[in-house]
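Subject: Structure handover

Hello,

Here is the structure I promised to pass on. My notes follow below it.

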Amino acid sequence: MMGMFGRLNGHDTADFRKRFQRLFIIVLIAIAILIIRLAYLQVFKGDEYKLRSENNSVRLRKIAPLRGLIMDTHRQVIVGNQAAFDLVYVPNRVIEIQRIIEQVEDFYEKRGLSLNNDSKLTGKTRPFVPVRLEKNITMAKLAFVETHALDLPGVIVEVAPVRKYSGGEMMSHVIGYTGEVSKEELEKHDDDEMGPGDVIGKSGIEKFLDEYLAGKSGAEQVEVNVTGKVVKALGHVAPVPGYNVVLTIDSELQKAAWEALAGRRGTAVVMDPRDGSILALISTPSFDPNLFNSGISKRDWDRLSKDPLYPMENRAVSGQYPPGSTYKVVVAAAALAEGLITPDTRFFCNGSFELGNRSFRCWQRHGHGWVNLHRALVESCDVYFYNLGKMLGVDKLAEYARAFGFGELSGIDLPREKPGLVPTKAWKLSRRKEPWQLGETIPVSIGQGFNLVTPVQLANAFSTLANGGALWRPRIVKQIEAVDGRVVKVFPPEKKRVLPVRSEHIEMIRQGLWGVVNEKGGTGSALRRPEADVAGKTGTSQVVGLPKNEADRRAKILSGRFRDHALFACFAPYKHPEIAVAVIVEHAGGGGAVAAPVARKIIDAYFHLKTSRAAPTAPIAQNVVNKQAGQ
Amino acid sequence: MKFDRQLLINFDWPLLGIVMAICFIGVMNIYTTGFSLTTAKAPLYLKQIQWIILGLLFMLIVLSIDHRILVQYAYIIHGVAILMLIFVTFYGYTTHGSQRWLALGGFSFQPSELVKLTLILSLARYFADHGTQSRYSIKDLLTPFFILLVPFLLVLRQPDLGTALMLLILFLSMILFVGIRIKDILIAGFLGLLMIPLAWYFLKEYQKERILTFFDPERDPLGSGYHIIQSMIAIGSGGFLGKGFLKGTQTQLKFLPEQQTDFVFSVFAEEWGFVGGFVLIILFLSLILWGFKIAQYSRDLSGTLIAYGITIMIFWGVFINIGMVIGILPVVGIPLPFLSYGGSSIVVLMMSIGLLINISMRRFVLQP
């Protein structure tokens with residue numbers, strides 16, 4: 001070997017010779033240590049280790065943590081955990097999973113039960129790695145399996161916590177639901193913590209705050225016998241429960257809003273205009289998040305995902321609707337701020353507005369006569385706002401719409417939010433490849449045309465008017481707490497911006513909105529409470545243009561799918577607003593007739609809850625009521 | 001570049017032969033760990049073969065450039081590797097809670113592997129410039145220390161304790177080889193001791209836990225304690241002749257953790273016994289000794305230092321990895337060269353072997 005290495009024209013390595021000699025010795029000693037240790041383990045101790053490997057039944061088992069609780073603003077628990085029982089097979093050798101399933105099915109059949117398993121389990125088992133045959137089994141099955149344990153070696157019942165959504169359908173669009181982590185989600189996570197079979201938030205707050213709610217898995221080292229039962233627990237690391245979440249939602253008000261909508265397709269958003277807190281958020285139709293607990297069955301999933309009414313969609317943040325006349329507040333604010341009108345500027349409404357050879361109708365066919373800003377808002381005169389729209393132009397209008405938070409994500413703590421649409425000249429040129437027509441500005445100025453808003457944006461815009469001009473980020477999460485109550489993270493209210501509109505101008509619009517509800521001829525009279533404390537705006541948004549032909553019109557209207565959306569947005573009390581409400585009922589007709597009564601129920605419920613909570617104790621309050629009733 | 005027939009004649013076939021033999025064992029070994037897995041993804045052993053082929057390609061590239069040109073640009077190359085490290089720190093993606101990967105069109109790449117090689121190149125450049133006749137004092141070593149420090153801190157921050165430790169060991173091995181005054185060794189050792197509490201402060205909780213577990217395996221029977229116990233059962237139960245290919249129960253029943261990375265040797269020793277383990281270690285020993293010969297007989301000082309650095313890197317990889325799986329060193333996450341699964345590691349190792357062959361075959365060539 002050495003001969004091969006000549007020293008022909010190498011540099012002088014003589015001074016290195018000694019160093020390399022030492023190096024050789026060091027390396028040889030090190031390698032010798034490895035070989036000696038290896039010989040010790042394999043040759044000297046080989047038999048002992050062989051025995052240990054044959055008896056090796058020590059397994060690491062993951063212990064799922066408890067997910068954090070979700071509480072409402074009054075610290076009522078709205079999502080908790082409950083025990084569920086899973087049917088699990090722990091194999092002690094390699095075996096076809098299909099064979100076990102057949103055995104269990106045979107076993108069940110004798111009792112008239114059937115195995116409820118939609119996931120396709122195939123392939124072979126790995127010794128001591130449990131296979132979950134059925135999740136969340138019924139008590140009848142539990143009793144049957146437990147009493148016949150000897151007939152089914154290896155099949156055991158495991159206790160696993162599942163989510164308990166006490167709010168059911170009414171809370172599901174806020175809370176979301178959980179499910180087993182999917183393959184794609186697993187790849188995205190890509191860390192040691194997450195493994196197949198683990199539970200992860202799939203939508204709503206469960207998804208948004210998953211990293212806080214999830215907690216940390218524990219592990220235990222257990223010795224199992226041939227049937228897979230745990231013989232001895234050797235080591236144990238307790239799982240760490242997830243953090244608890246406190247929402248701004250008031251579950252009582254949420255319930256009232258749910259009942260106010262009474263199953264009609266639509267959405268309601270209730271907000272505190274003082275800091276942007278969402279007090280209630282409803283979207284119907286809805287779904288029961290508890291269905292997902294036992295791994296949703298294929299039938300249920302198909303029913304939910306193929307429903308033409310999209311019950312899984314949260315309409316409050318993902319639904320985009322033409323705002324209709326509720327948009328008139330934006331047009332009014334823009335015209336006032338730009339100095340184009342004063343409260344006394346009047347326009348004459350004869351029932352229609354002419355532009356070139358086109359004619360745009362007012363909803364009041366006979367016209368409103370001379371109207372100023374206040375009357376125009378109260379009676380929702382379209383012609384008045386057509387005039388403002390024409391004076392402002394679509395781009396100026398868009399500027400103010402954006403100031404109100406339209407056309408952008410509100411930043412609410414819920415997934416899948418949509419931005420809506422505020423049309424501009426540039427938008428149309430880039431998206432439709434056509435220049436903007438002046439005739440298109442006219443419908444935009446009464447909230448028809450290209451405009452799209454989400455219910456959350458609408459509630460937020462009216463909050464801004466209510467509080468005198470501050471646009472808040474809609475906030476749904478108040479804080480996150482550890483199990484011991486220590487506050488982990490606070491989500492403070494965030495003021496996004498202030499309207500570029502002077503406060504006296506905002507006050508003029510507010511007065512108009514008060515008139516809508518409380519003055520004669522106002523479109524929102526359904527909200528006229530004895531306290532006269534609500535201010536709001538009706539809206540009716542056309543879904544599609546109706547045919548001119550009267551017979552076709554009627555047929556289409558009757559089919560229901562082409563009926564207008566009913567909108568109502570309001571705040572109360574007028575002087576010092578505490579809540580802002582936006583209600584949209586889909587394909588229901590006029591806003592004043594359909595949406596306003598829903599809003600009324602919500603506002604009534606809010607003040608009722610407020611007084612009943614303010615009362616010192618419930619019995620005394622009750623006594624007072626009884627006395628009055630008796631007199 | 002001009003082709004020199006003499007280079008081909010002097011090609012170091014035995015070295016390539018040893019490396020390919022070790023690689024073959026590696027692929028076979030990864031095959032056995034993936035045997036009972038039923039995933040849709042491409043089996044790991046096929047991927048490892050792809051990486052080896054890619055590595056051979058890179059080896060060819062490195063071969064064709066005179067190592068002295070590489071030394072000339074050593075600092076720039078090192079700088080580029082450090083830039084990639086910085087980039088990965090901020091934009092790389094995270095696996096196992098550590099941010100060290102760079103996605104390159106379908107492949108992912110770990111700059112921390114490359115930086116081992118560029119560190120060797122840069123140190124070789126520095127010490128070749130300054131000679132090895134007189135012994136260095138601490139003051140003379142400030143520049144080399146700086147060459148180490150930047151990548152060392154970046155890698156530690158990822159956090160990748162194993163690679164950071166490797167960089168430090170490479171640095172120490174280099175300066176001990178070029179020579180340092182005894183007095184200065186003592187001072188450096190003392191300073192190093194002072195650094196321990198500071199380093200401890202920088203370590204992540206799980207890293208501290210691993211070190212403590214080495215001194216007291218009962219501390220953590222579920223974590224690395226469990227790993228090391230299962231690893232020793234696997235190796236021990238292999239006995240003299242092993243349980244046979246694909247028959248290792250510890251491996252096949254997944255008692256053994258991290259089978260394709262840190263604990264590959266345990267997989268091999270379980271199935272091939274002491275005989276297999278011995279043969280593999282001897283293969284590594286011949287590779288190391290061959291590398292030292294190349295270093296000793298290099299035509300120039302920089303070649304000596306590079307060859308020495310690469311060889312000592314392989315030596316430490318073998319010694320620390322095998323040492324930890326047989327329970328004589330703490331589990332620090334240093335892979336076994338050529339056997340542990342890992343694309344970047346294989347490609348950089350192949351480039352290193354390319355450099356060794358490069359130095360080996362140029363030692364006869366007279367060049368202006």
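What percentage of the residues of chain A count as buried? The figure is 42% of 631 residues. Please keep in mind that this is a predicted model.

First, the overall make-up. Chain A has 22 helices and 23 strands. Take its contacts with a separation of 6 or more: 73% of them join residues 24 or more positions apart.

Next, helix 9 of chain A, residues 251-261. Nine of its 11 residues are buried, so the rest of the structure largely encloses this helix. Among the buried ones are A:Leu253, A:Trp258 and A:Leu261. A:Glu252 and A:Gln254 are buried too. The cover over these buried residues includes strand 3 (77-89), strand 11 (266-272), strand 12 (277-284) and helix 21 (591-614) of chain A. Just past helix 9, A:Ala262 has a positive phi of about 50 degrees.

Now the sheet. Five strands of chain A make an open, antiparallel sheet in the order 12-11-23-22-21. Strands 12 and 21 (535-541) are at the edges with a single partner strand each, so one side of each has no neighbour in the sheet. From one strand to the next, the twist averages 5 degrees.

Strands 11 and 12 of chain A pair antiparallel over seven bridges. A:Asp272 has A:Ser277 in strand 12 as its bridge partner.

Last, helix 18 of chain A, residues 455-466. Helix 18 lies across strand 11, strand 22 (565-572) and strand 23 (579-585). It runs at about 145 degrees to strand 23 of chain A.

Best wishes

Notes
Residues are numbered from 1 along each chain as its sequence is written. Chains are lettered from A and ligands numbered from 1 in the order in which they are written. This is a predicted model: local features need pLDDT of at least 70, side-chain atom pairs count only at pLDDT 80 or more; totals for chains, interfaces and linings use all residues. Helices (H or I, at least four residues) and strands (E, at least two) are DSSP runs, numbered from the N terminus. A residue is buried if 20 or more other C-beta atoms lie within 10 Å of its own, exposed if 12 or fewer, and partly exposed in between; C-beta atoms are placed from the backbone. Two residues are in contact if their C-beta atoms, placed from the backbone, lie within 7 Å. Two strands pair if DSSP finds at least two bridges between them. Axes are lines fitted to C-alpha atoms, for helices over the stretch in contact, and angles run from 0 to 180 degrees between N-to-C directions.
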